[in-house]
Amino acid sequence: MPFTGDIARATAYANDVVEAFNQGGVGAARKMLMDVAVTGPDGRPSPTYVRRVDAIVGALSDFKGRPSDVPQRSDYRLA
């Protein structure tokens with residue numbers, strides 16, 4: 001992944017993607033995400049990455065780039 005281990009850079013880029021969505025819509029956000037895609041030998045990103053991009057732009061469309069109303073906690077555990 002493009003920002004593995006660099007939380008500050010990933011957070012800044014995520015904020016930039018939200019801003020791009022707010023100013024240019026789904027196409028602008030999708031382009032930013034696809035521009036940083038890791039590509040395979042065929043020059044294309046993996047289907048998994050493309051599905052992640054679809055999910056992200058879908059969430060941006062659903063929630064219009066607004067933060068979640070769910071309180072952010074760091075002590076969630078998966079059961």
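## Starting from one residue

M32 is found in helix α2. Here a helix is a DSSP run of H or I with at least four residues, a strand is a run of E with at least two, and both are numbered from the N terminus. Before going on, please note that this is a predicted model, where local features need pLDDT of at least 70, side-chain atom pairs count only at pLDDT 80 or more, and totals for chains, interfaces and linings use all residues. Residues are numbered from 1 along each chain as its sequence is written, and side-chain values use heavy atoms, leaving out hydrogens and water.

Which residues does M32 touch, not counting residues up to four places away in sequence? They are Y13, D16, V17 and A20, where contact means heavy atoms within 4.5 Å. Between M32 and D16 there are 8.7 Å from C-alpha to C-alpha, and the two are 16 residues apart in sequence.

## The chain as a whole

The protein chain has three helices and zero strands, giving the pattern α-α-α when read along the sequence. Of its 79 residues, 16% count as buried; buried means under 20% relative accessible area, exposed means over 50%, and partly exposed lies in between (1.4 Å probe, protein chains only).

The chain exposes about 6100 Å², with 57% of that supplied by carbon and sulfur atoms. These areas come from the Shrake-Rupley method with a 1.4 Å probe, and for residues only the protein chains shown count as cover. Among contacts in the chain with a separation of 6 or more, 40% come from residues 24 or more positions apart.

## How two helices meet

At what angle do the axes of α1 and α2 cross? Helix α1 (residues 7–24) and helix α2 (residues 26–35) have axes that come within 6 Å and cross at roughly 150°. That makes α1 roughly antiparallel to α2, a label for angles over 145 degrees. Axes are lines fitted to C-alpha atoms, for helices over the stretch in contact, and angles run from 0 to 180 degrees between N-to-C directions.

On the α1 side, Y13, D16, V17, A20, F21 and G24 meet V26, G27, A28, A29, M32 and L33 of α2. By class, this contact has nine nonpolar, two polar and one charged residues.

## The nonpolar core

In soluble globular proteins, nonpolar side chains tend to be buried together. A nonpolar core is a set of buried Ala, Val, Leu, Ile, Met, Phe, Trp, Tyr and Cys residues joined through side-chain atoms within 4.5 Å. The largest one here has 13 residues, of which Y13, V17, A29, M32, L33, Y49 and L60 touch the most other members. Helices α1, α2 and α3 (47–63) are the elements that give two or more residues to this core.

G25 sits in the loop between α1 and α2 and counts as partly exposed at 22% relative accessibility. Its C-alpha atom is separated by 9.4 Å from that of K64, 39 residues apart along the chain.

Is R66 buried or exposed? R66, in the segment after α3, is exposed, with a relative accessible area of 55%.

Terms used. Parallel < 35°, antiparallel > 145°, perpendicular 65-115°, else oblique. Nonpolar A, V, L, I, M, F, W, Y, C, P; charged D, E, K, R; others polar.
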